[in-house]
Amino acid sequence: RGSTLIFNRTKAESDQAAAIRAISEDVKELDSDLDGQMLDIEGIRKNVTTISSSVKEAASALDFIPIDCHVTVWGEWSICTKTCGGGIQTRRRRISVPADNGGNDSVASRHSSM
């Protein structure tokens, strides 16, 4: 009877050891999967950081690009201020894009008279 107990205990210990080995293999596999996912996450973080840096550099570069002034086309001539000689007619145009960052602001006048 004593040898049966030893056999059963040994079989139970053997089953327990096999279960521990199986769990250990599962844990190694999960750990490997997790490492792969962490590498993916780290790669994504690096890409986001690179993109963010590129966007900031591009925005910063735009602050230094000179923008020239642009105006609309001339409007129609106004009615003459006098009916016979010596009167004034005017026409106007608007600034559609103001000069910025040292761009050319020497656009011809916004008003014209004759």
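**Chatting through a predicted model**

Reader: Which residues make the nonpolar surface patch here?
Author: Ile65, Ile67 and Val97 make it, and the patch covers about 200 Å². Keep in mind that this is a predicted model.

Reader: Where's Ile65, then?
Author: Ile65 lies in the loop between helix 1 (2–62) and strand 1 (70–71).

Reader: And is Ile65 buried, exposed or something in between?
Author: Ile65 is partly exposed, because its relative accessible area is 42%, and that label covers values between 20% and 50%.

Reader: OK, switching to cysteines. How many disulfides are there?
Author: A search of the whole structure turns up 0 disulfides.

Reader: Is Cys84 buried or exposed?
Author: Cys84 counts as exposed, because its relative accessibility is 69%.

Reader: What about Cys69, buried or exposed?
Author: Cys69 has 9% relative accessibility, so it counts as buried. The cut-off for buried is under 20%.

Reader: Where does Asn101 sit?
Author: Look in the loop between strand 3 (95–97) and strand 4 (111–113).

Reader: And how exposed is Asn101 there, what's the relative accessible area?
Author: It's 33% for Asn101, so that residue is partly exposed.

Note on methods: Residues numbered from 1 in each chain as written. Predicted model: local features only at pLDDT ≥ 70, side-chain atom pairs only at ≥ 80, totals over all residues. Heavy atoms only, no water. Disulfide = S-S within 2.5 Å. Buried < 20%, exposed > 50% of the residue type's maximum accessible area, 1.4 Å probe, protein only. Helix = DSSP H or I, 4+ residues; strand = E, 2+ residues; numbered from the N terminus. Patch = residues over 30% accessible without salt bridge, like charges linked within 9 Å, V, L, I, M, F, W, Y side chains within 5 Å. Areas by Shrake-Rupley, 256 points an atom, 1.4 Å probe, with all protein chains shown as cover. Salt bridge = Lys/Arg side-chain N within 4 Å of Asp/Glu carboxyl O.
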